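Hi everyone, thanks for coming. Let me put a structure up on the screen, and then we can walk through it together.

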Amino acid sequence: MPMPLWLGRFNTRYTNRLIGPILVWLPWFGWLFHVGRRTGRPYKTPIMLYHRGDRGVIALTYGERTQWLKNVLAAGTCTFESPRSEPLHLASPEFIHDPSRRLVPWLIRLPLWVIRVSDFVVFRVVP
């Protein structure tokens with residue numbers, strides 16, 4: 001079972017604002033830039049993206065009801081930026097259920113197994 005949605009809302013309002021600027025310097029972390037599906041307002045969310053070749057994978061640690069995911073699915077595109085790499089333009093989001101968690105690096109599989117996360121969104125990286 002993914003983490004509770006109320007925790008995600010708390011993190012969005014408080015925690016992300018405090019530790020987001022530090023967190024994005026860690027491996028795999030960065031800012032996901034997306035546009036609100038109703039307001040058209042730009043948003044940025046600190047998130048972990050696993051980039052392999054021409055695809056990017058995000059584990060849905062809060063499940064599929066998060067606002068950032070709804071925005072990205074509605075727009076069909078977003079951008080991932082990390083201070084350590086060039087921006088990645090992501091398109092064609094696809095929801096995937098993978099109980100083996102093979103979409104992510106082996107180091108991340110155990111923590112995802114512990115919190116019972118097996119849902120992911122996979123993007124095509126646009127050159």
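So, in what order do the strands of the open sheet come? Before I answer, please keep in mind that this is a predicted model. The order is β2-β1-β5-β6-β7-β4-β3, 7 strands in an open sheet with antiparallel pairing. At the edges you find β2 (42–48) and β3 (50–52); each has a single partner strand, so one side of each has no neighbour in the sheet. On average, neighbouring strands here are turned by 35° against each other, ignoring direction.

Let's look at one pair. Strand β4, residues 55–59, and strand β7, residues 119–126, are joined in the antiparallel sense over 5 bridges. Within that pairing, Val57 sits opposite Val122 in β7.

Now for the helix that lies across the strands. Helix α2, residues 67–75, lies across β1, β2, β4, β5, β6 and β7, and runs at about 55° to β1.

Staying with β1, let me show you Leu32, which belongs to that strand (residues 29–35). Is Leu32 buried or exposed? Leu32 is buried: its relative accessible area is 0%, and the cut-off for buried is under 20%. Beyond its neighbours within four places in sequence, Leu32 has contacts that include Tyr43, Ile58, Trp68, Val72 and Phe80. Glu81 is 49 residues from Leu32 in sequence, yet their C-alpha atoms are 6.5 Å apart in space.

Finally, Trp113, in helix α3 (residues 106–114). Trp113 is exposed, with a relative accessible area of 54%. Together with Leu110 and Val114, Trp113 makes a nonpolar surface patch of about 360 Å².

Thanks, everyone!

Methods
Residues numbered from 1 in each chain as written. Predicted model: local features only at pLDDT ≥ 70, side-chain atom pairs only at ≥ 80, totals over all residues. Heavy atoms only, no water. Helix = DSSP H or I, 4+ residues; strand = E, 2+ residues; numbered from the N terminus. Buried < 20%, exposed > 50% of the residue type's maximum accessible area, 1.4 Å probe, protein only. Contact = heavy atoms within 4.5 Å. Patch = residues over 30% accessible without salt bridge, like charges linked within 9 Å, V, L, I, M, F, W, Y side chains within 5 Å. Areas by Shrake-Rupley, 256 points an atom, 1.4 Å probe, with all protein chains shown as cover. Salt bridge = Lys/Arg side-chain N within 4 Å of Asp/Glu carboxyl O. Pairing = 2+ DSSP bridges. Axes fitted to C-alpha atoms, helices over the stretch in contact; angles between N-to-C directions.
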